[in-house]
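The following exercises are to be worked with the sequence and the structure in view. Each task is followed by a solution in steps.

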Amino acid sequence: MSKPSVRKLNVDPSHLVPARLTPPVSKSDAQRALVLAHLTGHWPLAVLQNEPEADLAADVRVLTRGVETLRQSPGPIRDVDCADGGAPFRIFVTQAAVTPGAKVRITGTPRLGERPHGPLFDSLRDALGPSGLVLREGTPWPVELHAPDRTGEPVFRVPGAQSSQYASSLLLGCAALFLREHRPWSVEIQGPLTSAGYLELTVFWLRRFGFTVEETPSRFTVTAHQPSAKAPPMPGDWSSLGYLLLIAWRTGGSVERADPSSAHPDQALLRLIQPAGLTPIPGPDLTMRVEGQARAGLTASGKECPDLLPTLAALALVLPRPSTLEDVSILRLKESDRLEGIRTLVSAYGGSTTLEGETLTITPPAAPPAHFEMDSKGDHRLAMVSATLSILSGARLTLTGPECVEKSFPGFWRQVERVGVRLTE
Ligand SMILES: O=C(O)C1=C[C@@H](OP(=O)(O)O)[C@@H](O)[C@H](O)C1
Ligand SMILES: C=C(OP(=O)(O)O)C(=O)O
């Protein structure tokens, strides 16, 4: 279990140079591909094995270890540490529940324990409890799960308002059950669905691995599977490209692995920055630059691309007009309360916010500060957007808790050094 970090990093952006920047592979894509590779005979996933281990997001390593555990089932009860990984934990729980004979004891950080998992657990209990699923929750850890050997009605029902990860996890469970039972399995979404693009990303990966998925707005059914010869390639991470493209804009450099065929919701960045005056320019071999002068504010929604909102908040602070972030309460359920985190960052930088219902308005300061301080509170995105803001504005940053970037982008600080940023402890 992690303790709050007291490590401080000084970020000095006063000697910037242009550079070619590289994101890691996308953790959201990789997690889906890992599970599907396991289910369809493509384990281990060669495209991930080609990545330097040190560059793989901690969340990807967590789910890899989890899947390896399931591949040893049935057997004795096994311990799995999900650390701070929301998607890895939620995806793993369902995969464990649909692996006959699997017995696991799961732990994670206190923050992961307090994030909402009840709707997923209830859905698993409703569908598989009558068949013998055991799913016991500690306070909050450990979560202990014993998988049943049989199943009942082939449908999972789950609410979609708090997280799309429940439905994604269950749909990956449907793929496992389809392969085992040769009958269609469905996920039925009750009420509105947040982060719908991430469920579409799951459908995209299922199809890439040869599954047929029939969909209506509220029901997703796995109905067939055609084995494929080769596991598909892995795109660069559009969440990480968000920071890097803004840094490239400021420093006159470029990014690699900006793959437009990726189905990641955070590719929305390319559209969302344009009203502010920034134009993405694709180059050869999936490279990209950004040109333009900041001329207006921007608007974005937490329902479309929740993980981009902190990044766009950093950009909003160097735009000449106020910006609005909509549907923001979902941000309270992430690795930290990111709505509070964004407000803290804006105020640390001298700007101001107003929150009316689901809409956060960010007004930049009249003049940028020479220096600001921020505590990541263990949240990787808050650490990386603080550094991005320092580079965009030229203001020096003192950041508490820089090491949490490991979760999604372990090489982040090396990339930042490439543009001439000086990092000191
Ligand atoms: O499915 C996924 O890989 C993710 C879905 C989103 O979460 P919610 O659906 O909980 O908003 C996103 O914020 C998270 O970083 C990754
Ligand atoms: C919210 C995030 O991830 P997760 O929910 O998988 O912990 C994130 O990476 O921003």
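**Exercise 1.** Why does ligand 2 lie between domain 1 (8–24 + 235–424) and domain 2 (27–225)?

*Solution.* The model is predicted: local features need pLDDT of at least 70, side-chain atom pairs count only at pLDDT 80 or more, and totals for chains, interfaces and linings use all residues. Residues are numbered from 1 along each chain as its sequence is written, while chains are lettered from A and ligands numbered from 1 in the order in which they are written.

Step 1. The protein chain is divided into domain 1 (8–24 + 235–424) and domain 2 (27–225), with bounds that come from an automatic or database domain assignment.

Step 2. Around ligand 2 stand Gly85, Gly86, Ala87, Asp307, Lys334, Glu335, Arg381 and Ser408; a residue counts as near a molecule if its C-beta atom, placed from the backbone, lies within 6 Å of it.

Step 3. Both domain 1 and domain 2 give residues to this shell, so ligand 2 lies between them.

**Exercise 2.** Describe the shell around ligand 1 and state the classes of residue in both shells.

*Solution.* Step 1. The residues surrounding ligand 1 include Ser28, Ala87, Ser163, Tyr198, Pro306, Asp307 and Ile330. At least three residues of this shell come from each of domain 1 and domain 2.

Step 2. Ala, Val, Leu, Ile, Met, Phe, Trp, Tyr, Cys and Pro count as nonpolar, Asp, Glu, Lys and Arg as charged, and the others, Gly among them, as polar. The shell around ligand 1 then has four nonpolar, seven polar and one charged residue.

Step 3. For ligand 2, the division is one nonpolar, three polar and four charged.

**Exercise 3.** How many residues of domain 1 are in contact with domain 2?

*Solution.* Step 1. The centres of the two domains, taken over C-alpha atoms, are separated by 30 Å.

Step 2. Contact requires C-beta atoms, placed from the backbone, within 7 Å. By this rule, 20 residues of domain 1 are in contact with 22 residues of domain 2.

Step 3. On the side of domain 1 that touches domain 2, nine residues are nonpolar, five polar and six charged.

**Exercise 4.** In what order do the strands of the open sheet that contains β18 run?

*Solution.* Step 1. Strands (E, at least two residues) and helices (H or I, at least four) are DSSP runs, numbered from the N terminus. Two strands pair if DSSP finds at least two bridges between them.

Step 2. The order is β18-β19-β1-β20, with mixed pairing. Its edge strands, each pairing on one side only, are β18 (371–375) and β20 (422–424).

Step 3. Five bridges pair β18 with β19 (residues 396–400) in the parallel sense; among the partners, Glu373 is bridged to Thr398 in β19.

Step 4. Helix α13 (residues 380–393) packs on this sheet and touches β1 (8–12), β18 and β19. The direction of α13 makes about 170° with that of β19, where axes are lines fitted to C-alpha atoms, for helices over the stretch in contact, and angles run from 0 to 180 degrees between N-to-C directions.

**Exercise 5.** Which residue of β13 is the bridge partner of Pro282?

*Solution.* Step 1. Strands β12 (residues 279–282) and β13 (residues 288–291) run antiparallel and are joined by four bridges.

Step 2. The partner of Pro282 is Met288.

Step 3. The two strands, β12 and β13, form a hairpin with five residues between them, and Asp285 in the turn has a positive phi of about 55°.

Terms used: Two residues are in contact if their C-beta atoms, placed from the backbone, lie within 7 Å.
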